[in-house]
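This report describes a protein model, beginning with the contact between its chains and then turning to the fold of one of them. The sequence and structure come first.

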Amino acid sequence: MLYLDTLPKGGHAVIEKVEQRAPLDPIATRLGELGFVPGEAVQVVATGPMGRDPIAVRLGTSRFALRRGEAARVGLRTVS
Amino acid sequence: MSATESPQTPASSLHIALVGNPNCGKTSLFNQLTGSRQKVANYAGVTVERKEGFFTTPNGRAIRVLDLPGAYSLDSTSPDEDVTRDVCLGRHRTEPRPEMLVAVISATNLRLHLRFLLELKQLGLPVIVALSMMDEARRHGLQIDIAGLQADLGIPIVPVISLNRAGVMPLLQALDLPLPAPPVPLPAGLDPHMEVRRLLATYVVDPASGTDRLTDRLDRVFLHPVWGPVILLIVLFVMFQTVFAWAQPLMDGLGNGISLFGEIVLKPLPGGVLHSLLADGVLAGAGTVIVFLPQILILFLWILALEESGYLPRAAFLLDRLMALAGLSGRSFIPLLSSFACAIPGIMAARTIQNPRDRLVTILIAPLMTCSARLPVYTLLIGAFVPHRSVLGIFGLQGLVLFGLYAVAIVSGVIAARVMTRGVKSEEHPLLLELPSYRRPNLRSLALGLWQQAVMFLSRVGTIIVTLNVLLWALSSFPLPPAGAPGPAIDYSLAGRIGHLMQWVFAPIGFNWQICVSLIPGLAAREVAVSSLATVYAIGATDDGAADRLLPLLSTQWSMATAFSLLAWYVYAPQCISTLAVMRRETGSIKTVLGAAAYLFGLAYLAAFLTYHITRAITGVP
């Protein structure tokens with residue numbers, strides 16, 4: 001499966017699932033509260049200048065900066 | 001909704017709270033409602049800012065409003081969200097439960113903010129929605145069926161534009177009506193995200209899918225991997241140029257003005273204790289306080305403007321990887337950079353860090369960033385003990401030592417931050433930073449923000465600094481020397497005696513009694529150490545030539561080990577009461593201040609000890 005941390009800059013995709021790294025993973029929960037839920041469209045709008053970390057993601061009308069470890073929890077399916 | 005004279009609601013008072021996501025327009029609404037009738041403090045025991053304000057509705061109802069910290073959810077992940085959750089649930093230790101919530105929701109970001117509103121519906125408290133940024137939403141071509149949405153949610157919705165009084169009038173009028181009934185909670189098992197999607201699909205017509213094209217275009221430049229950092233460097237360069245260059249003439253002017261004022265006002269007084277108390281205690285203390293103001297105000301003008309415009313989170317994005325080396329996030333960069341000018345505005349700037357742990361660590365390591373007040377001490381000691389010669393033909397040895405002192409301080413700060421950010425929570429430290437749309441900063445908001453900074457600094461920090469200054473003056477002046485006594489007056493004072501006693505502690509790091517004595521008045525401000533050394537060596541402290549005449553004296557009387565040890569001491573020691581005072585104010589915890597002083601003095605002693613003994617071993621002085 002493709003994950004948000006490997007989506008190239010400018011790439012569009014739709015969220016398939018958000019994975020828990022641990023039981024009651026607070027980061028996965030927070031991602032959900034921010035709107036990272038299955039079915040939402042995401043786009044990577046920028047990557048950090050050092051080691052392409054963090055990444056800036058557009059999710060509907062909001063934009064979030066995520067570190068790669070956080071983005072790696074978000075599984076995607078690509079759209080044409 | 002219209003303002004109706006309603007017999008059921010006499011002009012009784014009402015206690016409400018503003019709740020909403022970060023960047024929902026809550027702060028501008030709060031500022032517009034309350035103007036300057038605000039009280040800013042901390043919640044007991046946590047580094048979370050508590051903002052309360054007062055205003056009156058058109059019908060004369062007195063409203064007390066609490067501006068709760070921005071939150072994404074009541075399922076909190078940070079101490080500021082804890083405060084919001086506890087107050088909303090009526091579980092807070094010191095804060096009573098508000099009678100009604102005003103949920104602030106940005107029309108430009110409905111998907112995110114409506115989800116939080118659905119959580120607020122569960123609370124059983126009356127709620128009114130203030131729908132902010134309607135002007136912007138319309139510009140983006142967004143159409144919202146407010147009447148339909150309000151009926152569906154079962155919550156009154158009033159559109160607000162927080163730019164002027166007329167823009168918040170609908171909310172003021174709604175507050176004159178009887179309290180609405182608490183909304184019906186969502187049925188159990190209903191996914192709030194699905195519910196939000198349904199609401200958006202039913203009540204929002206959104207031809208351009210709400211896209212903010214301007215923000216997209218600006219982000220392409222400001223977040224570009226090459227141009228982004230270049231622009232950030234230019235912004236930071238201009239910012240610190242103004243903090244240093246613009247503030248300096250103002251600081252000099254204020255400093256001179258205060259001394260002139262002192263001379264004129266105190267002239268009629270006879271010389272003696274009262275004159276000395278007013279001139280060297282009170283006025284000198286007030287001078288120290290006021291002289292900080294230009295730097296604080298210029299720095300905060302920048303920070304407030306960058307924050308309001310939406311650029312500050314972008315700067316944090318660009319710097320995040322760099323600051324992660326210290327276990328912090330990009331948000332800590334500007335407060336730490338400011339601390340190179342002075343730790344006081346730096347520590348105050350740490351207020352822009354949302355994550356409380358990062359904020360505390362940033363405050364704790366800010367004194368390690370070499371502030372400009374250390375320069376006079378560094379220059380004096382380097383001038384006296386480091387030979388003026390070049391290394392490898394291009395570098396001056398004196399410059400290299402100075403560079404080394406800065407580098408050691410930065411490395412120590414990074415290590416200290418790493419140590420402090422470990423342990424308590426070794427788990428992953430999230431960034432999850434929202435990048436809001438770019439906006440033009442509102443001048444009224446900026447002015448109000450600056451005014452608050454100035455008042456808070458002068459009233460809360462200023463009084464502590466003046467008091468401590470008078471205390472230090474008394475320590476250094478009493479008891480008076482016997483008539484005709486040889487030696488400097490300070491030697492007979494309490495400070496002098498304490499200094500002599502301190503020598504037991506400081507002899508292992510090579511400090512003589514003169515240094516120990518001058519460290520006490522030097523607590524008032526780091527650079528004061530130079531003039532107090534001059535006093536102790538009886539050169540006459542006040543004239544400007546003190547440092548020049550001190551230089552040859554020190555190089556003959558002190559060993560190199562002692563001088564280097566004092567340099568090492570100054571890299572770490574919190575030799576500045578004002579810094580500790582502002583720390584006390586910002587963290588609201590005397591324990592934190594004592595902890596910070598203990599770790600910094602501890603580091604200073606250790607570094608000076610090592611430096612003293614290593615230098616002695618190298619120079620072969622027993």
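## Contact between the chains

In this predicted model, 28 residues of chain A are in contact with 28 residues of chain B. On the side of chain A that touches chain B, four elements of chain A each supply at least two residues: helix H1 (26-33), strand S3 (41-47), strand S5 (62-66) and helix H2 (68-71). By residue class, this side of chain A divides into 13 nonpolar, nine polar and six charged residues.

Strand pairing also occurs between the two chains. S5(A) pairs with strand S12 (residues 433-434) of chain B in the antiparallel sense, over two bridges. Within this pairing, Phe64(A) stands opposite Glu434(B) in S12(B).

## Chain B overall

Chain B has 622 residues, of which 43% count as buried. Its secondary structure comprises 24 helices and twelve strands. The C-alpha trace of chain B spans about 90 × 60 × 40 Å along its principal axes.

Among contacts in chain B with a separation of 6 or more, 72% are between residues 24 or more positions apart.

## The sheet of chain B

Seven strands of chain B form an open sheet with mixed pairing, in the order S2-S3-S4-S1-S5-S6-S8. Its edge strands are S2 (38-42) and S8 (157-159) of chain B, each of which pairs on one side only. From one strand to the next, the twist averages 25°.

Strand S5 (residues 100-106) and strand S6 (residues 127-132) of chain B run parallel and are joined by six bridges. Ile105(B) stands opposite Leu131(B) in S6(B).

## Helices on the sheet

Which strands does helix H3 of chain B lie across? Helix H3 (residues 110-121) of chain B lies across strand S1 (14-20), S5 and S6 of chain B. The helix runs at about 165° to S5(B).

Helix H6 (residues 165-174) of chain B also packs on the sheet, where it touches S6 and S8 of chain B. The direction of helix H6 makes about 155° with that of S8(B).

How values were computed
Residues numbered from 1 in each chain as written. Chains lettered and ligands numbered in written order. Predicted model: local features only at pLDDT ≥ 70, side-chain atom pairs only at ≥ 80, totals over all residues. Pairing = 2+ DSSP bridges. Axes fitted to C-alpha atoms, helices over the stretch in contact; angles between N-to-C directions. Contact = placed C-beta atoms within 7 Å. Nonpolar A, V, L, I, M, F, W, Y, C, P; charged D, E, K, R; others polar. Buried ≥ 20, exposed ≤ 12 C-beta atoms within 10 Å, placed from the backbone.
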